[in-house]
Amino acid sequence: MRSMTAPLSPQARAAALEGLRHTELDVLIIGAGVTGAGCALDAVTRGLRVGLVEARDFAAGTSSRSTKLFHGGLRYLEQLGFSLVFEALKERALALDKLAPHLAKPVRFLYPLRRPAVDRGYAGLGIGVYDVMGAGRGVPHHLRHLSRTKTLEIFPSARRDAIRGAISFYEGQVDDARHTLLLSRTAAHYGALCASSTRVVAFLRDGERVTGVRVRDLESGDEFDVRARQTINATGVWIDELQEMLGGRSQFRIRASKGIHLVVPRSRINSAAGVITRTEKSLLFLIPWGQRHWIIGTTDTDWQLDLAHPAASAADIDYLLGHVNALLADPLTRDDVVGVYAGLRPLLSGESDPTSKLSREHAVARPAPGIITVAGGKYTTYRTMARDAVDAAVRGLGGHVPACCTEDVPLLGADGYGPLWNARALLAAESALPVQQVERLLNRYGSLLLELLELIKKDPALGSPIDGADDYLRVEAVYAASHEGALHLDDILARRTRISIETWDRGVEAAAHVAALVAPVLGWGPADISREIEHYRLRVAAERESQDQPDDLSADSARLGAPDVRMGGQHAPEAR
C-alpha cells in the first residue's frame, strides 16, 4: 500500500499562486482556519474552481489554540442550546468514526462531585441528557456514577477532602492544528489553490459587487489580483477588519474572547482519565495530551488588543493554577508549567453580554453582492458552518451546483488508517522504528505515514529523534516543509509539531537543528537559517516575558516586542 497525495510543497505553493493570478475562481475563501479550510474542501468537492488564501500559516490563529476537543458543549445545555449540542455531537461522531479517525480519539473524563446529593442530581441529569443525545455518536455510550472510592482509584492525585464521587463519560479529542492543516491539504488534493503567507490588502469591486481581492505574497512582496465570482470571508476574529476594508459594517459584530491553556508534565498528576469541572465563569478541563503531558484550560475573558498574538498574563496563569489546585492533593506551581498558549474565540456579539454568555451559534451574511461572511460557531461544528457558507455562495453563482458532500469525504490519511494500524508491528519491523513510535505517527499522519517512511528509506538518519525535542523524528520536520506547507520555523515548531509547548525551553534548542533539516527543502542559505532561528528565539523570549506581566495590557505590549517573520521583521500587529 502506498500513499499518493498532492503535497503542499514550496513548488505547489508557487503553482497555486500562479493559478490564483490567472484563473477566475468560482469561490475564493479568505482565512485558512478550520472554517475557511472547511469551506475550501466543501466548495472544491462540489466541482467548483476554488482558492484559499491565508495571511499567515494554516491554523495560525484560533484553530491551533483551542481546547483540542471535539465536543458537544456541556455548558450549552444550561443555556438550552439543545440544537447546537445535538449538531456538535453529530459532527463529533463524523470526525471520530469517518472523517478523521487517525486524528480524533475518544477520551474518558470525570466530572467530580463535591456535594454528593446536589451535584449527583443536578450534574448527573445534565450529563445524562448529554450522554443520551450523543449515544452511538463517536464515543462509548458509557456514563457511570462513581463512588468516592472508585473516583480516587481512577484519579489518585485528587484531594480527598474535595471530591465525594464523580460521573464518568467520554468526549472526543483532536490535535486542532494538524486537523485544520489536513483539511487544507485535502482541499488542495481535490484541486483547490491553497496559499499561505498571502494577505488580502484590498477588495476588487465592479460597482457595489465584490469581484475578488488584491493580495500580497508576504514571502516575495509581490502583489496581484485574484478574480472570483464569490468570495467568502472566514477570517474569524478578523472579520470586522475585513469588513471595514470593504467599506462598511457587517450585519453582525465579533467579540474576541481570550482562552489560555497550560501544558504540564503527565508525571505531575496521577489520573487515568481527564477531568472536567465548573468554575464561576466556565468549565475547567484537565486533558491528557500525548503520553507525557496534560493540557489545563481554559479562561474566558474579553480581549480588545492584538489579534494575531494574544498574550497570556501572569493573572491568567495563576487563575488556572488556582482552580486546578483546588482539586489536587499536590498543588502545581509556575515551575511545573512547560508550555502556555492563548487563543481567541470569535463570538457573535451582543450589546453588553459577558463573553462567556455570547452565542456559539454561527451566522452567515451577505454584506455586499459577491461576498459572504461566516462567523461564530465552534471548532466541532466547522463542517456545518462551511456548508452553510458555501450554500450561500452557490446561490450567488447561479446554475446547478451539487450539494455538500463533505459528510462522505474523509481527510487525507483516514483511508487505509485501520489496516495500517492492524499492521503496525510489521511496519515497525520493516522501518526499524519502535512499535510505539509507529503508533504515534499513525495517530498524527494516518496512512500518510507511508510517505514519511519513504523519506526515511531514502535517508535513514531521518528516523532519528530531533535534538532538543526527542518526542519527534527528524523526518517530521522535513515532511512539514516538503508536504505540509510549512514556510518558517514557527510553522514547524508551533503547529506541524507541538515542540513550542511541549519542551521546557519552548523549542529554542531544537530550532537550530530543525532549521538545518529543512533548509534544503525551503531553499534557505546561512543568512536565512540565522534569521529564522533569531526570529524564533525572540518569539519565545517575548512570550515568556508576557507571561510574567500582571495584566492583559502589559502582556500584550511584551508579546509585541518580537518581530513577525512574515512581515520582514516589523514590530506591528498583522492585518488580514
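**Pockets, cavities and cores**

Reader: Hi! How much space lies in the largest pocket?

Author: The largest pocket holds about 930 Å³ of space. By pocket I mean an open set of points on a 1 Å grid over the protein atoms alone, with protein on both sides within 12 Å along at least five of seven lines. Its volume is the space filled by probe spheres set on the points, which are joined across faces, edges and corners.

Reader: And what sort of model is this?

Author: This is a predicted model, where local features need pLDDT of at least 70 and side-chain atom pairs count only at pLDDT 80 or more, while totals for chains, interfaces and linings use all residues. Residues are numbered from 1 along each chain as its sequence is written, and side-chain values use heavy atoms, with hydrogens and water left out.

Reader: Thanks. Which residues lie nearest the centre of the largest pocket?

Author: Those are Trp289, Gly290, Gln291, Arg440 and Asn443, out of 29 lining residues (an atom within 4 Å of a point).

Reader: Which element gives the largest share of that lining?

Author: Helix H13, with 6 residues. Others that give two or more are strands S4 (104-113), S6 (165-174), S13 (283-289) and S20 (469-473). Helices (H or I, at least four residues) and strands (E, at least two) are DSSP runs, numbered from the N terminus.

Reader: What sits over the ring of Trp289?

Author: The charged end of Lys68, 5.9 Å from the ring centre. Arg178 does likewise with Tyr445, its charged end sitting over the ring at 4.4 Å from the centre. The cut-offs are NZ of Lys or CZ of Arg within 6 Å of the ring centre and within 35 degrees of the ring normal.

Reader: Now cavities. How many of 30 Å³ or more turn up?

Author: There are 8 in the whole structure; in a cavity, a 1.4 Å probe fits but cannot get out. The second largest cavity holds about 510 Å³. Its lining has 34 residues, and Arg65, Asp490, Arg539, Glu543 and Arg559 are the closest to its centre.

Reader: Which helix gives the most to that lining?

Author: H19 does, with 6 residues. Strand S16 (339-348) and helices H16 (489-496) and H17 (499-502) each supply at least two, as does H19 (526-546).

Reader: How many residues of H16 are buried?

Author: 8 of its 8, so it is mostly covered; buried means under 20% relative accessible area, exposed over 50%, partly exposed in between (1.4 Å probe, protein chains only). Among the buried residues of H16 are Asp490, Asp491, Arg495 and Arg496. Their cover includes H7 (176-189), H13, H15 (474-482), H17, H18 (508-522) and H19.

Reader: What about Asn233, buried or exposed?

Author: Buried, because its relative accessibility is 1%. Asn233 is found in strand S10 (223-233). Leaving aside neighbours within four places in sequence, Asn233 is in contact (heavy atoms within 4.5 Å) with Ile30, Ile239, Leu242, Gln243, Ile372, Thr373 and Val374.

Reader: Last one: how many residues are in the largest nonpolar core?

Author: It has 70 residues, and Ile29, Leu48, Val50, Phe70 and Ile232 have the most contacts inside it. Helix H10 (382-397) gives the most to this core, 9 residues. Such a core joins buried Ala, Val, Leu, Ile, Met, Phe, Trp, Tyr and Cys residues through side-chain atoms within 4.5 Å. Not counting residues up to four places away in sequence, Leu48 touches Asp26, Val27, Ala43, Val394, Leu397 and Val401.
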